[in-house]
Amino acid sequence: MLFRSEELEGRTLGEALLAVHESFYPALKPLMPHLHALAHITGGGIPGNLGRPFPEHLAARIDTASWQVPGLFRLIQHEGNVTDAEMFRTFNMGAGMIVAIAPGDLEDTLAALPGSWRIGQVVVRGEGGAVQGVPGTDE
């Protein structure tokens, strides 16, 4: 089956799936002294990758309303009848790299990383898991 739709920005599904993403390193390198943690969101999605850098007493609380999921993932979900939980467990959903910074570094970090946004916050874990607020996690 061949898809060309608005969700794929005029590309076929194969072209969209194989598109090379820009390297995060050049933009992140000058910020390294201010970064407390990095999570490259690959296979395993946000729940499988973001919790790794946090100690037992802290968690990442994600606000999934803080960004629009790219059309490619919306198309896959719709055509494949895939649940939200499975999508977030499998794909990065448009958040390819998540960094943890001190609240006082937020504005400078956002300014230094075009296209970035505040996706959530670090919280005391309590009874929940290391990643909270994402479908399929202990919310």
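User: Which cut-offs go with buried, partly exposed and exposed here?
Analyst: Buried means under 20% relative accessible area, exposed means over 50%, and partly exposed lies in between (1.4 Å probe, protein chains only). This is a predicted model, in which local features need pLDDT of at least 70 and side-chain atom pairs count only at pLDDT 80 or more, while totals for chains, interfaces and linings use all residues. Residues are numbered from 1 along each chain as its sequence is written, and side-chain values use heavy atoms, leaving out hydrogens and water.

User: OK, how many aromatic pairs are there?
Analyst: There are three aromatic pairs, where rings of Phe, Tyr and Trp (its six-membered ring) pair if their centres lie within 6.5 Å, with planes under 30 degrees apart called stacked, over 60 edge-to-face and the rest tilted. In one of them, the ring centres of Trp67 and Trp117 are 5.8 Å apart and the planes meet at 35°, so this pair is tilted.

User: Where do those two sit?
Analyst: Trp67 is in the loop between strand 2 (58-62) and helix 4 (71-80), and Trp117 is in the loop between helix 6 (106-112) and strand 4 (120-124), so their pair ties together parts 50 residues apart in sequence.

User: Is Trp67 buried or exposed?
Analyst: Trp67 is buried, at 10% relative accessible area, whereas Trp117 is partly exposed at 29%.

User: What about Phe73 and Phe91?
Analyst: Phe73 and Phe91 also form a tilted pair, with 5.4 Å from centre to centre and 45° between the planes. Phe73 is buried at 12% relative accessible area, while Phe91 is partly exposed at 23%.

User: Which residues do ring pairs link into a cluster?
Analyst: Ring pairs join Trp67, Phe88 and Trp117 into a cluster.

How values were computed: Helices (H or I, at least four residues) and strands (E, at least two) are DSSP runs, numbered from the N terminus.
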